[in-house]
Amino acid sequence: MYSLKDNVTEAPERAPTLYDRVPYESAPIVATSPENIALVSRLEGGPAPPLHGFSFLELGCGDASNLLALAFYRPHATFVGVDASCTHIEKGRAAAQKLGVHNVQLHVGDVRALGPEVGAPFDFIVSHGVFSWIPNKARIAMLEAIRDRLAPSGLGYVSYNAYPGWKLRGMVREIMLNAARDTEEPLARAEKARKAVTNLRELITENRHPYETLLATELEMAARCSLSYILHEYLSADNEAFYVRDFITLANDHGLRYVGDALSRGTERDPSPDLKKRLHAQELSDVETLQTIDLLSNRQFRASVLCGSKTPTKPRPGVEIVASLRASSSLSPPSGPPNFTPGVSETFRGGDDAEVRVSTSLTKAAFRVLGNAWPGSVHFDDLLAMSADMLRGHGVPAPDDGEIARLQRDLLLIHRTGQGSLRIIEPRLHIDPGPNPTAHALARHQVEEGILALTSPLHHHVTIDRFERALISGMDGTRPLQDLVLPLMLRVAAGDPPLSLGGERITDPLIVEPMVRGLLARAVGKLAQWGLLESPPAMGTPAREG
């Protein structure tokens with residue numbers, strides 16, 4: 001349907017936009033993956049678009065960093081991107097050519113005048129970081145474009161600034177706009193705005209009041225932003241936030257129905273069981289319940305998943321839906337031998353120093369199984385069987401139906417709180433490095449672009465250090481692992497990257513060599529684990545295929 005050769009057609013002459021003068025720093029957005037959007041819908045009883053051979057449209061795609069990462073790992077699907085900036089689209093086309101990605105088509109265009117060349121229908125239509133930052137007529141046009149171009153079982157995704165949390169951030173925006181009001185040059189405006197919030201933050205020294213703490217946090221965040229981000233976020237001519245109930249009403253008015261939210265995992269305070277009971281007792285509608293939770297959690301940003309208003313949906317499923325899914329988690333068990341005694345708690349540790357206390361034998365075993373499979377996932381049926389085997393080996397009886405239901409609830413809970421995840425399908429991870437380890441083209445491209453986190457087949461960010469960056473640059477498949485040691489030692493000796501021990505820089509070759517070998521083995525293992533390598537030719541299937 002789409003091919004890269006179509007991308008080289010000349011775009012009509014357009015007046016340069018601010019994004020042409022100062023390009024926006026795009027990046028892959030985890031929540032926009034089709035697998036994540038489809039999962040949100042499944043958990044809410046929404047439509048189920050295909051996850052193989054699907055079509056995907058991104059409105060406001062920037063330089064296509066998000067689209068290209070998606071397309072690289074999903075050659076079985078077709079992707080289309082539209083952006084108003086010629087500079088963005090030209091950069092995206094060049095990157096697509098370099099990567100050899102042939103299932104992406106990019107267009108210069110305005111959401112208010114999408115032409116037939118964009119195509120339709122689409123199984124997924126995504127717009128991240130656009131809706132709040134365009135005029136109201138363009139917002140309406142976006143909703144109508146999603147409605148008109150969605151396939152019957154398709155899903156839309158629209159992110160936007162949300163109230164009440166954006167009330168304070170909006171005040172910071174006003175401070176920055178005022179500071180830059182007499183300056184026209186874009187980057188100079190951004191510099192003045194950043195200086196204003198930096199100076200204001202320095203005046204808050206004691207944080208004696210909760211308001212001071214909140215304001216200091218917002219000012220610090222703004223002061224750390226790049227000039228490009230400040231210009232296009234805080235100083236944008238349009239920047240409108242929405243209460244979720246108002247966004248849902250607006251979507252309904254234009255033929256769309258709210259399905260769920262793609263950014264709720266770990267980004268807001270999960271309502272306690274007691275709060276849920278009290279909300280239920282008030283007999284609030286689903287929308288008012290959402291709005292109340294946003295008010296209590298100071299929600300600042302949303303990414304709403306939508307479907308056509310006439311698309312059939314089902315009641316929200318119960319915890320039994322977990323039985324049809326895969327689960328993953330990197331929760332670390334406590335040190336020492338496991339204690340599977342029913343009712344005895346064990347504390348598992350997750351990201352951001354989170355602690356998860358578990359007293360159910362089956363869940364304690366399941367978390368250990370998932371930890372061994374990380375970052376891969378395990379289908380629930382297999383997880384149940386492997387966990388029961390582990391318990392049997394420790395003399396614990398087979399789980400009953402109540403324990404199985406509890407495990408399903410626990411997996412759903414860690415998914416919602418960001419300490420684990422549920423998945424519909426599993427991409428190719430845990431690549432065998434082979435004799436000549438090769439970082440795939442996307443990983444090498446992102447390193448060359450200076451991106452600090454690589455994009456995995458899961459569309460997750462994998463942070464890499466300077467040593468790993470240096471390694472990836474040399475992993476072109478022409479040399480065995482042994483031959484990478486000397487070039488890395490020479491780079492270390494030159495201080496790029498530096499090695500240190502106890503705060504002292506290491507230059508002695510007798511110490512550097514074993515350290516480099518150890519770091520090399522660990523780095524290759526990490527890249528292989530996350531699917532960032534090409535498979536050896538003998539294995540047949542390319543690493544990027546999910």
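**Strand pairing, burial and a helix crossing**

Me: What makes S2 and S3 a pair, and in which sense do they run?
Reply: Strand S2 (residues 78-83) and S3 are joined in the parallel sense over 5 bridges, and since two strands pair if DSSP finds at least two bridges between them, these two qualify as a pair. Within that pairing, Gly 81 has Leu 106 of S3 as its bridge partner. Strands here are DSSP runs of E with at least two residues, and helices are runs of H or I with at least four, numbered from the N terminus.

Me: What are these values computed from?
Reply: This is a predicted model, in which local features need pLDDT of at least 70 and side-chain atom pairs count only at pLDDT 80 or more, while totals for chains, interfaces and linings use all residues. Residues are numbered from 1 along each chain as its sequence is written, and side-chain values use heavy atoms, with hydrogens and water left out.

Me: Why are S3 and S6 called edge strands?
Reply: The open sheet has 7 strands in the order S3-S2-S1-S4-S5-S7-S6, with mixed pairing, and strand S3 (104-108) and strand S6 (256-261) each pair on one side only. S2, by contrast, also pairs with S1 in the parallel sense over 5 bridges, where Leu 59 has Val 82 of S2 as its bridge partner.

Me: Why is S2 described as largely enclosed?
Reply: Buried means under 20% relative accessible area (exposed is over 50%, partly exposed in between, with a 1.4 Å probe and protein chains only), and 6 of the 6 residues of S2 are buried, so the rest of the structure largely encloses this strand. Thr 78, Val 80 and Val 82 point one way and Phe 79, Gly 81 and Asp 83 the other, and all are buried.

Me: How do you know how H13 and H14 are oriented to each other?
Reply: The axes of helix H13 (residues 361-373) and helix H14 (residues 380-393) come within 8 Å and cross at roughly 110°. Angles run from 0 to 180 degrees between N-to-C directions of lines fitted to C-alpha atoms, for helices over the stretch in contact (heavy atoms within 4.5 Å). Under 35 degrees counts as roughly parallel, over 145 as roughly antiparallel, 65 to 115 as roughly perpendicular and the rest as oblique, and H13 and H14 are therefore roughly perpendicular to each other.

Me: Which residues make the contact of H13 with H14?
Reply: Among them, Leu 362, Ala 365 and Arg 368 are on the H13 side, and Leu 383, Met 386 and Ser 387 on the H14 side.
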